[in-house]
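Me: I would like to learn how to read the features of a fold. Let us take them one at a time.

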Amino acid sequence: MVLLLIGGALIRTAWTGTYVRYVKPGLQWYLIVAGAVLVLVAAVNLARLFGTAARTGHEEHGHEHGRFEPSWLVVAPALVLLLVAPPALGSYAASHGGTALAAAGTSDFPPLPDGDPVRVSLLEYAARSVFDEGRTLQGRNVTMSGFIVIDGDRRYLTRMIITCCAADARPVKVGLAGDVPPGTAADTWLEVTGTYTPRTDPDPIDGEPIPYVAVGSAHAIPAPKQPYET
């Protein structure tokens, strides 16, 4: 039963697309195949179990009824995973993790693509701001999206970066300088358009610099299907 529930949960999360809350997008078919194997193994074992029970059932009329088997408790986590899909990591996890700016490396940065504004990831903006000292961002309007993390009177636009899965996720944070929609709560997803500013904050977790963007406009958006940067 445990194999059946876990296999079903893997297939369900992969097929519906909610698997991107936990692992990288490229792993979808691996999850479907793994889930199918677990379901097949469970079906074979259940068939053998019921077959054995049918052959020996006439000898077990005197056994005790109504006793609870504690081993069935292991089914509960698998059943929860099948019925309730936990959400993607948000502001709570981000506020307890240091910024992952080092993941961007320190190589040379080419000019931004043509267009105004130009869409960039939070990690790219943060890396260009810190490691390139904003040179390739000067005079450009950029658009980014992320969820809000609140630290006192400061608001950070944040995305979680994963290498493999949510277990290794780390946040990348960009501070918002300027007007933010009033009443914006933690975990609200925003699309922000703005320009480079040299302001930075030290991350209270690991001391790494958190760059800022001068906000020109910002508005709430639905959480994207792919919440993580990779």
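Me: Which residues have the most contacts inside the largest nonpolar core?

Reply: A nonpolar core is a set of buried Ala, Val, Leu, Ile, Met, Phe, Trp, Tyr and Cys residues joined through side-chain atoms within 4.5 Å. Buried means under 20% relative accessible area, exposed over 50%, partly exposed in between, with a 1.4 Å probe and protein chains only. Here the largest core has 23 residues, and Y125, V142, M144, L157 and L176 have the most contacts inside it. This is a predicted model: local features need pLDDT of at least 70, side-chain atom pairs count only at pLDDT 80 or more, and totals for chains, interfaces and linings use all residues. Residues are numbered from 1 along each chain as its sequence is written, and side-chain values use heavy atoms, leaving out hydrogens and water.

Me: Which elements each supply at least two residues of this core?

Reply: Helices (H or I, at least four residues) and strands (E, at least two) are DSSP runs, numbered from the N terminus. The suppliers are helix 5 (122-130), strand 2, strand 3 (154-161), strand 4 (170-177), strand 5 (189-202) and strand 6 (209-220). Helix 5 gives the most, four residues. Another core lies apart from this one; it has 13 residues, including F147, M160, A177 and W189.

Me: What does L157 contact?

Reply: Contact means heavy atoms within 4.5 Å. Neighbours within four places in sequence aside, L157 contacts L122, M144, S145, G146, F147, I148, V172, K173, V174, L176, L190 and V192.

Me: Is S145 buried or exposed?

Reply: S145 counts as buried because its relative accessibility is 16%. S145 sits in strand 2 (residues 142-151). Beyond four places in sequence, S145 touches R119, L122, L157, R159, W189, L190, E191 and I221.

Me: Which residues make the nonpolar surface patch?

Reply: Patches take residues with over 30% relative accessible area and no salt bridge; like charges are joined within 9 Å, nonpolar side chains (Val, Leu, Ile, Met, Phe, Trp, Tyr) within 5 Å. A salt bridge is a side-chain nitrogen of Lys or Arg within 4 Å of a carboxyl oxygen of Asp or Glu. Here L3, V33, V37 and V41 make a patch of about 300 Å². Helix 2 (residues 28-56) contributes its largest share, three residues. V41 lies in helix 2 and is partly exposed, because its relative accessible area is 34%.

Me: How many helices and strands are in the chain?

Reply: Five helices and seven strands. From the N terminus the order is α-α-α-α-β-α-β-β-β-β-β-β.

Conventions: Accessible areas come from the Shrake-Rupley method with a 1.4 Å probe; for residues, only the protein chains shown count as cover.
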